[in-house]
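Colleague: I would like to learn how to read side-chain and interface features. Can we go through them one by one?

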Number of protein chains: 2
Amino acid sequence: MFADKPIDQFLAQLASAAPTPGGGSVAALAGALAAGLESMVCHLTLGKEKYQAVQDDINQLLAETEKRRLKLMSLIEEDVEAYGHLAAAYKMARATDVEKQVRTQAIQEAVRGATLAPLGIAEVCAELIDLCPPLVEKGNTNAVSDVGVAVLLAEAALRSALLNVMINLPSIKDVEFANATRQRMTELTQGKAELKERVMKDVEAKL
Amino acid sequence: MFADKPIDQFLAQLASAAPTPGGGSVAALAGALAAGLESMVCHLTLGKEKYQAVQDDINQLLAETEKRRLKLMSLIEEDVEAYGHLAAAYKMARATDVEKQVRTQAIQEAVRGATLAPLGIAEVCAELIDLCPPLVEKGNTNAVSDVGVAVLLAEAALRSALLNVMINLPSIKDVEFANATRQRMTELTQGKAELKERVMKDVEAKL
């Protein structure tokens with residue numbers, strides 16, 4: 001488990017030559033930080049008289065941001081596991097033709113998992129970007145810079161996760177799966193950079 | 001100390017209404033993650049015969065990335081402390097004219113500190129972006145996507161830290177200090193978004 005590791009130990013292990021954690025887990029953690037900031041902005045808005053009119057909206061937003069924060073924390077581990085399966089598959093015996101065939105199949109299975117894990121991270125990060133405009137609009141203005149940090153990190157995490165999808169695509173032999181993945185990547189990034197800059201503009205206008 | 005807190009606890013406290021950690025500390029942590037990935041790429045290049053010609057360069061780069069990883073970890077705490085001083089100054093007595101004067105001065109001192117802390121984070125993150133091109137060029141190609149994640153996070157952390165500088169600027173009465181800070185912000189961001197996209201292009205070409 002990485003989620004219960006102290007931050008300094010996580011960072012030290014990250015910096016080392018140890019195979020995990022790597023870029024995929026870091027993408028998930030960066031996304032979780034974005035989600036945490038979004039939840040914080042909700043908490044700083046709830047119970048405040050000035051924001052009485054939006055309490056229901058903020059409560060709904062909080063449920064969405066917290067769900068994604070917890071999801072991303074579990075995706076940190078999922079990415080590590082997927083990497084472990086792939087590394088194990090590559091180490092399988094390949095002396096005989098049968099062994100070679102079994103190993104190839106295991107690699108294909110594992111590389112699929114190692115593609116789907118970061119794709120799952122990207123999905124959640126894309127949703128975290130979409131949650132920012134209502135937070136800028138309705139959330140506590142004193143915490144508006146935190147929405148800015150959230151949108152910056154969520155977008156960086158989205159692109160980071162997709163890099164970890166892209167490294168696996170050349171190894172995938174299932175053309176249909178590879179094409180569907182590419183298609184999903186395009187959908188996930190569509191308009192997100194622009195939305196991030198729009199949120200940043202709105203944030204800066206409220207500073 | 002936040003650096004020795006388990007990740008899940010840090011995230012839970014971040015998501016809560018507790019005043020710290022906030023966006024500034026998260027910017028420092030995101031920067032530390034970028035630095036950690038850069039160090040990892042160095043470690044995965046050192047001792048590899050294929051990269052024999054660049055061992056000295058990589059050793060030098062590693063010294064630079066590790067210095068910044070440790071610096072950013074201490075900046076997580078520094079940002080929290082600076083925020084604490086500012087909150088304490090705002091809570092000072094202001095019944096008499098003398099008290100008011102003392103409080104105003106304390107606030108001005110504290111807001112300066114709360115500006116310099118994220119500015120320091122931004123400085124280091126800008127340097128982390130500059131360290132990426134030689135890492136893409138000379139580092140282990142198998143880890144090139146990790147340089148991509150590093151540059152994305154370092155740039156997001158840079159902009160995040162600067163948001164936390166910007167929220168304090170309107171409170172600063174020392175015009176010279178405010179102008180110098182604005183000038184430094186411009187210098188720090190100059191060309192960084194373009195450099196990030198150039199690194200990303202080079203990374204994607206090597207995937």
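Modeller: Start with a charge and a ring. This is a predicted model. In chain A, the charged end of A:Arg112 lies over the ring of A:Phe177, 4.3 Å from its centre.

Colleague: Which ring does the charged end of B:Arg112 sit over?

Modeller: That of B:Phe177. The charged end is 4.3 Å from the ring centre.

Colleague: Next, aromatic pairs. How is a pair of aromatic rings described?

Modeller: By two values: the distance of the centres and the angle of the planes.

Colleague: How many aromatic pairs are there over all chains?

Modeller: The count is two. Take A:Phe2 and A:Phe10: their ring centres are 5.8 Å apart and their planes stand at 90°, so this pair is edge-to-face. The label follows because planes over 60 degrees apart count as edge-to-face.

Colleague: Are A:Phe2 and A:Phe10 buried or exposed?

Modeller: A:Phe2 has 8% relative accessibility and counts as buried. A:Phe10 is buried too, at 1%.

Colleague: Now the interface. How is the size of an interface often given?

Modeller: As the accessible area lost when the parts come together. Here, chain B and chain A bury about 4,300 Å² between them. Carbon and sulfur atoms carry 74% of that area.

Colleague: Which residues of chain B lose the most area to chain A?

Modeller: B:Ile7, B:Arg159 and B:Leu163. Together they make up 15% of what that side buries.

Colleague: How many residues are in contact?

Modeller: 50 residues of chain B touch 50 residues of chain A.

Colleague: What about salt bridges across the interface of chain B and chain A?

Modeller: The rule finds two. One salt bridge joins A:Arg159 to B:Glu197, with the closest N and O atoms 2.8 Å apart. As for polar contacts, 14 residue pairs count between chain B and chain A, both residues at pLDDT 80 or more.

Colleague: Which elements give two or more residues to the side of chain B that touches chain A?

Modeller: In chain B they are helix 1 (7-15), helix 2 (23-43), helix 3 (55-90), helix 6 (144-166) and helix 8 (192-206). Helix 6 of chain B gives the most to that side, with 12 residues.

Methods:
Residues numbered from 1 in each chain as written. Chains lettered and ligands numbered in written order. Predicted model: local features only at pLDDT ≥ 70, side-chain atom pairs only at ≥ 80, totals over all residues. Heavy atoms only, no water. Phe/Tyr/Trp six-rings, centres within 6.5 Å; stacked < 30°, edge-to-face > 60°. Buried < 20%, exposed > 50% of the residue type's maximum accessible area, 1.4 Å probe, protein only. Lys NZ or Arg CZ within 6 Å of the ring centre and 35° of its normal. Contact = heavy atoms within 4.5 Å. Buried area = accessible area lost by both parts, 1.4 Å probe. Salt bridge = Lys/Arg side-chain N within 4 Å of Asp/Glu carboxyl O. Polar contact = N/O pair within 3.5 Å; in protein donor to acceptor, adjacent residues only side chain to side chain. Helix = DSSP H or I, 4+ residues; strand = E, 2+ residues; numbered from the N terminus.
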